[in-house]
Amino acid sequence: MAGSLNKVLLIGRLGNDPEIKQMSNGKNVARLSLATSETWKDKNTGERKEKTEWHRVVIFNEGLVNVVQQYLKKGAQVYIEGQIQTTKYTDNNGQEKYSTQVILQGYNSTLTMLGGSTGSNKIDDGSMNQDSSSLPSDNNVSSSDLDDEVPF
């Protein structure tokens, strides 16, 4: 469909340590539980209120998975850009259920570690070298070919 966009931007904190799993193809995938919160003052009581939303984030990019595995822990604040994806499955009781996740893969995703004291914390798929890219496995594509396609 022309004129559509699937992009999610979130800033939040990890609710748990990242979960790293190995897929059947041998590559690692990272799963995060990300909390975003909003606060406001109740007009009637003047009381401070807070609402927290939890987001499932799945990272397929090998470079980002390595960064997550090495540097992120429960409570870390991150900024992510990815795509939303809903999958349908059948539970053990035979009931159809849906699961919505934010997916980070390819050149259209970003992970930035916030609140750190080190230099640049931004890691995005466009800045990864060929060894850590999660592009579809075209073994005949050289690193210089990929650099020509980066839009910035």
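Which residue forms a salt bridge with Lys27? The partner is Glu62, and the closest N and O atoms of the pair are 3.5 Å apart.

## Basis and confidence

The model is predicted: local features need pLDDT of at least 70, side-chain atom pairs count only at pLDDT 80 or more, and totals for chains, interfaces and linings use all residues. Residues are numbered from 1 along each chain as its sequence is written, and side-chain values use heavy atoms, with hydrogens and water left out.

The mean pLDDT (the predictor's confidence in each residue, from 0 to 100) is 81 for the protein, and 75% of the residues reach 70 or more. Over residues 117-122 pLDDT stays under 50, and the model has seven contacts (heavy atoms within 4.5 Å) beyond four places in sequence for this stretch. Residues 126-152 also stay under 50, with 26 contacts beyond four places in sequence. Where pLDDT is low, the predicted coordinates should not be read in detail.

## Strand pairing

Helices (H or I, at least four residues) and strands (E, at least two) are DSSP runs, numbered from the N terminus. Two strands pair if DSSP finds at least two bridges between them. Strands β3 and β4 pair in the antiparallel sense over 12 bridges, and Ser37 has Thr52 in β4 as its bridge partner. Six residues lie between the strands of this hairpin, where Gly46 takes a positive phi near 75°. β4 is also joined to β6 by three bridges, and these two run parallel; here Ile59 stands opposite Leu104 in β6.

Strand β5 has several partners. With β1 the pairing is antiparallel over six bridges, and Arg13 stands opposite Gln77 in β5. With β7 the strands run antiparallel and are joined by five bridges, Ile80 having Leu111 in β7 as its bridge partner. With β6 the pairing is antiparallel over eight bridges, with Thr87 opposite Ser99 in β6. The hairpin of β5 and β6 has five residues between the strands, and Gly94 in this hairpin takes a positive phi near 85°.

In soluble globular proteins, nonpolar side chains tend to be buried together.

Within α1, the residues Gly63, Leu64, Val65, Val67 and Val68 are buried (under 20% relative accessible area, with exposed over 50% and partly exposed in between; 1.4 Å probe, protein chains only). Asn61 caps the N-terminal end of the helix, with a side-chain oxygen 2.9 Å from the backbone nitrogen of Gly63.

Val58 lies in strand β4 (residues 48-59) and counts as buried because its relative accessibility is 5%. Beyond four places in sequence, Val58 touches Val29, Ala30, Arg31, Gln101, Val102, Ile103 and Leu104. The C-alpha atoms of Val58 and Ile103 are separated by 5.0 Å, although these residues are 45 residues apart along the chain.

## Salt bridges

Six salt bridges (a side-chain nitrogen of Lys or Arg within 4 Å of a carboxyl oxygen of Asp or Glu) are found in the whole structure. Lys7 forms one of them with Glu81, the closest N and O atoms being 3.0 Å apart. Lys7 lies in the segment before β1 (8-14) and Glu81 in strand β5 (residues 77-90), so this pair ties together parts that are 74 residues apart in sequence. Lys7 is partly exposed at 42% relative accessible area, whereas Glu81 is buried at 16%.

The pair of Lys27 and Glu62 has its closest N and O atoms 3.5 Å apart. Lys27 lies in the loop between β2 (19-22) and β3 (28-41) and Glu62 in helix α1 (residues 62-71), so the bridge ties together parts that are 35 residues apart in sequence. Lys27 is partly exposed at 29% relative accessible area, and Glu62 is partly exposed at 26%. Glu96 and Lys88 also meet through their side chains in a salt bridge, at 3.3 Å from N to O.

Technical notes. A polar contact is a pair of N or O atoms within 3.5 Å; within protein, one must be able to donate a hydrogen and the other to accept it, and residues adjacent in sequence count only if both atoms are side-chain atoms.
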